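Grab a pencil and let's work through a few exercises together. Try each task yourself before you read its solution.

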Amino acid sequence: MSAPTGGPPAPPRIYLSPPHMSGREQVYVNEAFATNWVAPVGPHVDAFEQEFAHAVGARHAAAVSSGTAALHLALILAGVGPGDEVLCSTLTFAASANPIVYLGGHPTFIDSERTSWNMDPALLAETLAARARSGKLPRAVILVHLYGQSAAIAPVQAACDRYGVTLIEDAAEALGSTYHDRAPGAFGKLGIYSFNGNKIITTSGGGMLVSDDSALVAHARKLATQARDNAPHYQHSEIGYNYRLSNILAGIGRGQLEVLEERVQARRRNFDFYTERLGRMAGIEMMPEAPWGRHARWLTCITVDAAQFGVDREAIRRTLEAENIEARPVWKPLHMQPVFATCAAVGGDVAADLFARGLCLPSGSSLTEADLDRVCTLVESLHTN
Ligand SMILES: *Cc1c(COP(=O)(O)O)cnc(C)c1O
């Protein structure tokens, strides 16, 4: 299998955040096969929705094929259409904003604050006040909870409520975290989660839309199944999508949800290990845990001050890559992305700084102490000051 280049074999690859099956998923998958529920409908889909809604403290949930699909549906339900402005965190993955553009809307990107790395509530409030003065409010706000940490939800929610703007939470990375003992994603009018292969729990690919509003979630399920009206023949009164989650994948999700708490504990242990070994080194700072809740540590992120540490973030990343270890720069802010170059932005320097200096270390819940030691030893070897 390996290329005939000679030399010692490469050490096994350490991935950033690989899938971590518990074994319980297989039971549900086998059950789907045994009962022939091999379709984007079935008992596992129904049960996964109920169990998930219960886990995050939302009244209703709709299981869909990806987090991106969930966000697309959330924006449709919020009434976003051509020409509408939607405010969105700038420090995030492109999937947080792409569905705005699917609908002909215009994203405006809001900078981060340093306590949580998430949307700065003061900037959001200022922006909404300015829009109210100009007489045209945005249709929605997408609040992202990055890397397993809740944003400052209360002030964001208060600002949205004040102007009657729909709050949508992108909690794709934040399952298992808390904001004052409740789950981010279940505060806004609508919230979304992702079960992509690299997320804290996975269905290989999948997502969930949650809301306390049963009519909204019922409408989401309808839109996700080609918007079929309730008639014996095929009748459609609106444009639909093919976005439902497979019953087989929902089975994987049920097994994963049972071990969510173990997965969070494992990721928090990774963070503690890194903090112990790297956190005291000059020029390295660990991503802070905001005082308002539990950081699920989906990924352990550090920022590197090159002058103090001796080398910069990219030097660390390249050294790890040369040893077959996957690390990634912190998300490149969306206001800096070529595809969003013409979009409006409010601030952006904090997110740009976190991108310039930020590095995500291998953070899978299946990492061993030997893996973590391999990463830390390499980083330590670069510390020249
Ligand atoms: C992963 C992710 C998404 C998209 O989820 P998919 O299931 O991959 O479509 C959206 N937002 C954020 C912040 C993410 O990390």
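This is a predicted model: local features need pLDDT of at least 70, side-chain atom pairs count only at pLDDT 80 or more; totals for chains, interfaces and linings use all residues.

**Exercise 1.** Find out which residues surround the ligand, and how much of the ligand the protein covers.

*Solution.* Start with the shell: 15 residues surround the ligand, and Thr68, Asp170, Glu173, Ser194 and Lys199 are the closest. Next, sort the shell by type, which gives four nonpolar, eight polar and three charged residues. Now look at the contacts. The side chain of Thr68 has an N or O atom 2.5 Å from a ligand oxygen, and a polar side-chain atom of Lys199 sits 3.2 Å from an oxygen of the ligand. Asp170 instead brings a polar side-chain atom to 2.7 Å from a ligand nitrogen. Finally, the cover: on its own the ligand has 380 Å² of accessible area, and the protein covers 94% of that.

**Exercise 2.** Work out which parts of the chain the salt bridge between Glu51 and Arg254 ties together, and decide whether Arg254 is buried or exposed.

*Solution.* First check the distance: the closest N and O atoms of Glu51 and Arg254 are 2.7 Å apart. Then place the partners. Glu51 belongs to helix H2 and Arg254 to helix H8, so the bridge links parts 203 residues apart in sequence. Last, accessibility: buried means under 20%, so Arg254, at 14%, is buried. Glu51, at 30%, is partly exposed.

**Exercise 3.** Find how far apart Asp353 and Arg357 are along their helix.

*Solution.* The two side chains form a salt bridge, 2.9 Å from N to O. Both residues lie in helix H12, four residues apart, which means about one helical turn separates them.

Technical notes: Residues are numbered from 1 along each chain as its sequence is written. Side-chain values use heavy atoms; hydrogens and water are left out. A residue is near a molecule or strand if one of its heavy atoms lies within 4 Å of it. A polar contact is a pair of N or O atoms within 3.5 Å; within protein, one must be able to donate a hydrogen and the other to accept it, and residues adjacent in sequence count only if both atoms are side-chain atoms. Accessible areas come from the Shrake-Rupley method with a 1.4 Å probe; for residues, only the protein chains shown count as cover. Ala, Val, Leu, Ile, Met, Phe, Trp, Tyr, Cys and Pro count as nonpolar, Asp, Glu, Lys and Arg as charged, and the others, Gly among them, as polar. A salt bridge is a side-chain nitrogen of Lys or Arg within 4 Å of a carboxyl oxygen of Asp or Glu. Helices (H or I, at least four residues) and strands (E, at least two) are DSSP runs, numbered from the N terminus. Buried means under 20% relative accessible area, exposed over 50%, partly exposed in between (1.4 Å probe, protein chains only).
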